[in-house]
Amino acid sequence: MIDKLSLLILIPLFTALLMLFAKDKLLIKRIALAGAVLQMFYSILLIVSFINSERSSQFLFVKSISWYKTLNIDFISGIDGISVSMILLTSIVVLAGVLVSWDINERVKDYFLLLSLLSIGAYGFFISLDLFVMFFFLELAVIPKYLLIAIWGSGKKEYSAMKLALLLMTGSALILIGILLIYFRCETQTFNIVKLAEVGIPVELQRISFPLIFTGFGIFTALFPFHTWVPDGHSSAPTAASMFLAGISMKLGGYGCLRAAAYLMPQATVEYSKIIVLLSVIAIFYGAFATLMQKDLKYMNAYSSVSHCGFILLGIGMLNHTSINGAVIQMISHGLMTALFFASIGMIYKRTHTRKIDELGGIIKSMPFIGSTFIIAGLCSLGLPGFSGFVAEMTIFIGAWQNEGMFYKVSTIIACASIVITAVYILRASAKAITGKVAKEEFENLKDADFNEKSASVLLIIAILLIGFTPFLLINLINQDTFIISENFFKIITSK
Amino acid sequence: MTLDFFRLMYPELSLILIIFTLLIIKIFDLFKQNQSLISFFNAIFNFYFASLLFSININSGELFNGMYISSSKFAFEKLILTSGTLLILLNSAVWLKNHKHLPEFYLLLVSSLLGMQYMISSGNFLMFYLGLELASIPLAALVNFDLEKKKSSEAAMKMILLSAFASGIMLFGISLIYGTSGSLDFDILQTSINANKLNIIALIFIFSGFAFKISAVPFHFWTADVYEGAPFAITAFLSTISKAVIVFVFISVLSPIFNNLQFLWSNLLLIIIPLTIFIANIFALRQRNIKRFIAFSSIAQAGYILLGLSSNNGLGFASSIFFVIIYLLSNIGFFAVVSAVSDSMGKEEIDDYKGFYKNNKKLSWALAISLFSLAGIPPTAGFFGKIFLITAGAATNHILLIAFVALNMVISLFYYLNIVKKVFVDSSQAPLADVKTGLSAKVSLIICLAGIIIIGLNGALLEYITKLINL
């Protein structure tokens with residue numbers, strides 16, 4: 001019953017159960033922390049054993065448990081290079097999120113219970129190889145987000161939370177229709193991803209089903225024009241929830257686009273690729289320009305997330321091996337980077353009680369650690385070599401440029417140009433808010449990050465630098481699996 | 001024969017025994033407002049009722065020349081009704097304790113339940129009609145059980161008039177059927193009903209009667225008023241048990257009889273389903289009273305059940321029954337909290353629940369879990385129930401309908417989340433004080449919540465129901 005992968009779900013589940021019976025606030029936090037640390041070590045262990053085991057089939061550690069026999073639904077779990085790296089990302093962000101939520105004092109138990117429910121949703125999503133089970137875990141993660149934002153958030157939190165819940169539910173409704181179409185119109189009558197990939201989905205069906213599933217997952221990853229939940233949701237959420245939202249939850253969408261849409265329906269992906277590229281370029285450019293106008297640090301980062309997540313979809317839409325590699329790296333890089341960004345903004349807000357760029361200034365003098373954390377996140381965001389953002393965006397651009405045709409070339413150039421805009425807003429915000437003149441007297445003696453906040457930031461920074469300096473580690477991990485996806489596209493394009 | 005009589009009709013006979021005991025108690029006025037005796041009686045009654053649950057009748061057979069049919073499928077359906085009623089009774093113990101006419105309450109409720117069981121087991125339209133009337137007339141009296149409230153009497157009047165009207169229409173349909181085929185036996189009707197015009201009119205009449213009972217649009221107007229006027233226990237009963245029985249009867253009686261006219265009634269349902277779900281959702285958005293809210297929410301839920309029924313296959317029927325069980329648990333769980341609040345403070349408006357979390361943490365979570373299950377959010381069972389209904393509907397290939405229904409889940413999410421928001425997020429000057437729930441209500445709530453969480457995550461129940469359906 002208990003195998004390698006189901007432990008990923010069971011650890012947060014048991015943490016949650018333990019918390020349920022704990023009375024003391026500090027004890028609850030300690031249990032949550034212990035669970036997160038355990039989970040991260042387990043994820044690292046999983047990666048090590050994944051690398052060491054022979055890749056005899058596409059997915060490793062596959063295990064199938066019968067769930068709903070009448071409907072042919074099985075709980076199938078299995079991982080490939082892409083999902084195993086997403087799992088590690090999740091565990092790192094969860095641990096960092098727990099660490100920065102240490103000062104939460106209101107409804108502590110509910111807060112950490114919801115965080116673990118959210119992480120169960122993410123882990124379950126990444127390990128499942130059955131469309132129905134994937135859908136189950138995807139929806140599982142929606143309501144905790146709603147409650148986290150609505151209860152512990154700030155600003156117009158109720159509006160943002162409701163907007164987020166309704167838009168994400170619309171996304172899942174689209175996904176549901178798409179996967180039911182696949183289920184009933186394929187002869188196999190199965191949700192099993194491996195089997196569906198083997199048998200192949202009829203082209204006619206792909207043309208109907210692909211837009212539904214891709215748009216559905218796209219809503220989760222801020223596909224233009226359904227991105228509107230991102231700025232409101234991210235800025236109203238409490239720090240850890242913003243980290244989860246941007247770091248993990250948006251990646252559920254990206255991973256879903258890759259696994260359920262692009263991998264299962266290559267023909268439709270090729271046919272619709274121009275639309276995908278167009279929408280993602282709009283998201284990249286529009287997101288970047290909208291970021292320029294923001295005066296609130298959190299809104300700034302939220303809009304820049306729209307822009308950065310556009311790169312993920314751009315990578316998928318460009319259809320070749322390099323660009324898909326880039327899309328996966330961008331998912332992980334963006335997950336780590338925004339988590340770091342939101343963590344540092346949260347720390348700044350906690351001390352200065354403002355997130356307005358105009359009101360801040362010179363805080364690096366009193367808080368060198370937090371200030372430099374913010375700047376590191378910013379540099380990663382604008383794609384400075386040495387950080388993970390550079391690796392990701394560079395790979396996507398190289399891949400995108402390989403495509404023949406005016407349309408793809410122009411799109412690539414526009415996407416490249418957005419980096420300049422990114423540099424503008426990142427540097428401007430850092431110059432004004434972090435360095436620069438001290439804006440208020442009370443900013444002179446603010447307390448720097450405490451141990452928990454420092455360890456959360458250091459954890460994320462190490463991961464970012466690791467990808468930045470040794471990108472081959474990650475690329476080797478995912479290369480084989482992205483190749484399978486791109487090979488499908490390649491066959492279709494060349495057979496034309 | 002005599003032995004068969006007891007062996008097959010055990011569930012109904014036990015209910016009749018209860019009814020006669022209650023009659024004797026009432027006639028000789030044994031209670032005379034003796035509080036300790038009443039609570040003793042309550043306990044005995046509930047215990048006896050619960051013991052019915054363990055008497056699952058798995059003997060198949062017929063009585064009275066096929067008038068009464070018993071099978072393991074019917075026994076399972078009756079079990080659902082009985083256990084649902086027991087949960088509702090447990091919830092309403094506090095309210096009942098202070099009521100003057102306790103024996104009558106039980107008398108009427110059990111009579112109604114008896115009528116429902118006869119409906120399920122009927123093998124002939126006469127028997128069916130008898131059960132239907134036995135099920136609906138006592139309910140109208142029960143709606144009037146909040147004796148001091150004017151609204152309660154008004155609701156009862158509405159209910160009895162409209163329900164008589166619906167029964168009349170249905171009876172007219174039945175008489176037309178008798179005219180064309182010369183028989184009322186279901187066995188014979190299954191083969192003799194064909195697509196002549198009289199039969200089609202009969203089908204439409206009988207379906208209208210059904211649509212009224214399950215309160216599908218456009219026969220839903222009575223629902224909100226009656227639910228609002230009735231006492232909480234009866235609102236719960238109306239919205240769960242009396243809907244469940246219609247679903248069961250549809251599956252085991254109507255769909256086989258009208259199998260030859262399937263093209264007609266499934267097309268009728270295709271019009272009714274989107275209308276029911278959409279209109280109910282739109283109205284539910286605007287409700288302020290919690291009972292009116294649950295009335296519209298239950299109309300929308302009925303639309304989802306009809307979606308499963310419209311597919312007319314084993315999967316659709318199985319997932320309808322599966323959903324009915326889940327819906328029963330979620331709705332009764334919701335009522336357990338709401339009626340506890342109403343009993344101890346008399347608050348029935350949604351706005352009264354602002355800041356409810358402050359003093360009632362456990363009840364708040366219970367309320368939220370029931371609402372999530374009604375909205376169809378994992379990991380609660382409601383998610384699986386709804387998804388399987390939609391899956392069954394998708395088997396009929398009406399993709400636009402499925403898309404419409406799936407997107408309507410988003411609208412319904414809005415109004416369910418709105419209550420969750422009131423409970424957890426909003427703050428109030430004077431939040432409701434700590435609500436005291438009785439032991440029996442706690443037991444019922446725990447059963448409901450455990451069911452909501454376990455039934456979905458475990459695939460065994462759906463499999464069992466599918467097996468029963470395919471027997």
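This is a predicted model: local features need pLDDT of at least 70, side-chain atom pairs count only at pLDDT 80 or more; totals for chains, interfaces and linings use all residues.
A crossing of two helices is called right-handed if the near helix is turned clockwise from the far one by less than a right angle. Keep that in mind; we need it at the end.

Let's start with chain A. Chain A has 496 residues, and 61% of them are buried. It holds 20 helices and two strands. Its C-alpha atoms fill a box of roughly 70 × 60 × 45 Å along the principal axes. What radius of gyration does chain A have? It has 21 Å. A compact globule with 496 residues would have a value near 23 Å, so the two agree. Now look at contacts in chain A with a separation of 6 or more. Residues 24 or more positions apart make up 80% of those.

On to chain B. How many helices does chain B have? There are 20, plus two strands. The C-alpha trace of chain B spans about 65 × 60 × 40 Å along its principal axes. Of the 471 residues in chain B, 56% are buried. Take the contacts in chain B with a separation of 6 or more: 79% of them join residues 24 or more positions apart.

Next, where the chains meet. On the chain B side, 30 residues are in contact with 25 residues of chain A. Which elements of chain B give two or more residues to that side? They are α15 (314-345), α17 (381-394), α18 (399-424) and α20 (460-470) of chain B. The largest share comes from α18(B), with twelve residues. By class, this side of chain B has 25 nonpolar, three polar and two charged residues.

Last, one helix pair inside chain A. Two packed helices are described by the angle between their axes and the distance between the axes. Here the pair is α12 (residues 266-292) and α20 (residues 471-494), both of chain A. Their angle is about 65°, and their axes lie 9 Å apart. Angles of 65 to 115 degrees count as roughly perpendicular, so α12(A) is roughly perpendicular to α20(A).

Is the crossing left-handed or right-handed? α12(A) passes α20(A) in a right-handed crossing. From α12(A) come A:Pro266, A:Gln267, A:Thr269 and A:Val270. They meet A:Asn488, A:Phe489, A:Ile492 and A:Ile493 in α20(A). This contact has five nonpolar, three polar and no charged residues.

Notes:
Residues are numbered from 1 along each chain as its sequence is written. Chains are lettered from A and ligands numbered from 1 in the order in which they are written. Helices (H or I, at least four residues) and strands (E, at least two) are DSSP runs, numbered from the N terminus. A residue is buried if 20 or more other C-beta atoms lie within 10 Å of its own, exposed if 12 or fewer, and partly exposed in between; C-beta atoms are placed from the backbone. Two residues are in contact if their C-beta atoms, placed from the backbone, lie within 7 Å. The radius of gyration is taken over C-alpha atoms; the globule rule is 2.2 Å times the number of residues to the power 0.38. Ala, Val, Leu, Ile, Met, Phe, Trp, Tyr, Cys and Pro count as nonpolar, Asp, Glu, Lys and Arg as charged, and the others, Gly among them, as polar. Axes are lines fitted to C-alpha atoms, for helices over the stretch in contact, and angles run from 0 to 180 degrees between N-to-C directions. Angles under 35 degrees count as roughly parallel, over 145 as roughly antiparallel, 65 to 115 as roughly perpendicular and the rest as oblique.
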